[in-house]
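Q: I have a structure open here and would like to talk through how its parts pack. Can we take it step by step?

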Amino acid sequence: MTAPAAKPKRPSIATAVLGTREERLAEAQPPRAARIAAYVLFFLLGIAVSVCGSFVQALWPPVGVLLALAATAATFYAGLRATGTRLGAAVPAAGWFLAMMLMMVPRPEGDNVLWSNATSLAWLFVGSILGVICATLPTRTGWFPGVLNPPR
């Protein structure tokens, strides 16, 4: 008598959407010129997400912060996956943070975009943490374009 065949384990939603670690690390890396163009594009996209998110989080207080943070995480992770380097996640984070600092400076008239309330502080703090998380995820290469990780 044979034992019944075990059902194959269903992958989690995250694995189905993002793929397994082995699949991500096995992807081919784009050419250097394409990565440099992607770095510039993601830097500008990081600035745009920061500016738009600053207004969205203030416009719809409870849901706006979550929407802005989702766009921020998607931008950082897309930079990581599109370039295949940690620098691909750090570049949009740098653009995001630069625009965020400019949005925090009060104008001479006394107007502010980001105030010191809970939603603005959550937007700044959690967005920064998302940038660090995405920049430290495992990738195919090191910090600089074209520099391979040491053999393990």
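Q: What percentage of the 152 residues of the protein count as buried?
A: This is a predicted model, and in it 32% of the 152 residues count as buried.

Q: How many helices and strands does the protein have?
A: There are six helices and zero strands, so that, read from the N terminus on, the elements run α-α-α-α-α-α.

Q: And what share of the contacts with a separation of 6 or more comes from residues 24 or more positions apart?
A: Residues 24 or more positions apart account for 76% of the contacts in that group, that is, those in the protein with a separation of 6 or more.

Q: Let's go to α5. Which of its residues are buried?
A: The buried residues in α5 are Gly 88, Ala 89, Val 91, Pro 92, Ala 93, Gly 95, Trp 96, Ala 99, Met 100 and Met 103. The helix has 18 residues and reaches 25 Å from its first C-alpha to its last, which is close to the 26 Å expected at 1.5 Å a residue.

Q: What covers those buried residues?
A: The cover includes α3, α4 (61-83) and α6 (118-135).

Q: Take α3 then; at what angle do the axes of α3 and α5 cross?
A: The axes of helix α3 (residues 32-59) and helix α5 (residues 87-104) cross at roughly 40 degrees and come within 7 Å, which makes α3 oblique to α5. The crossing in which α3 passes α5 is right-handed.

Q: Which residues meet there?
A: On the α3 side they include Tyr 39, Phe 42, Phe 43, Ile 47 and Phe 55, and on the α5 side they include Leu 87, Val 91, Trp 96, Met 100 and Met 103. By class, the residues of the contact of α3 with α5 divide into 16 nonpolar, five polar and no charged.

Q: How do the axes of α4 and α5 cross?
A: The axes of α4 and α5 come within 6 Å and cross at roughly 145 degrees, and the crossing is right-handed. The contact is made by Thr 72, Thr 75, Phe 76, Gly 79, Leu 80 and Thr 83 of α4, together with Gly 88, Ala 89, Pro 92, Ala 93 and Trp 96 of α5. This contact of α4 with α5 has six nonpolar, five polar and no charged residues.

Q: Staying with α4, which of its residues are buried, and what follows the helix?
A: The buried residues of α4 are Gly 64, Val 65, Ala 68, Leu 69, Thr 72, Thr 75, Phe 76, Tyr 77, Gly 79, Leu 80 and Thr 83. The helix is followed by Gly 84, whose phi is positive, near 80 degrees.

Q: What about α4 against α6: at what angle do they pack?
A: α4 and α6 pack at an angle of about 20 degrees, with their axes 9 Å apart, and they are therefore roughly parallel to each other. α4 passes α6 in a right-handed crossing. Among the residues making the contact are Val 65, Leu 69, Ala 73 and Phe 76 of α4, and Ala 122, Trp 123, Val 126 and Leu 130 of α6.

Q: Is Val 126 buried, partly exposed or exposed?
A: Val 126, which lies in helix α6, is partly exposed, because its relative accessible area is 31%. The C-alpha atoms of Val 126 and Ala 73 are separated by 9.7 Å, and the two residues are 53 residues apart along the chain.

How values were computed: Residues are numbered from 1 along each chain as its sequence is written. This is a predicted model: local features need pLDDT of at least 70, side-chain atom pairs count only at pLDDT 80 or more; totals for chains, interfaces and linings use all residues. Side-chain values use heavy atoms; hydrogens and water are left out. Axes are lines fitted to C-alpha atoms, for helices over the stretch in contact, and angles run from 0 to 180 degrees between N-to-C directions. Helices (H or I, at least four residues) and strands (E, at least two) are DSSP runs, numbered from the N terminus. Angles under 35 degrees count as roughly parallel, over 145 as roughly antiparallel, 65 to 115 as roughly perpendicular and the rest as oblique. A crossing is left-handed if the near helix is turned anticlockwise from the far one by less than a right angle, and right-handed if clockwise. Contact means heavy atoms within 4.5 Å. Ala, Val, Leu, Ile, Met, Phe, Trp, Tyr, Cys and Pro count as nonpolar, Asp, Glu, Lys and Arg as charged, and the others, Gly among them, as polar. The expected span of a helix is 1.5 Å times one less than its number of residues. Buried means under 20% relative accessible area, exposed over 50%, partly exposed in between (1.4 Å probe, protein chains only).
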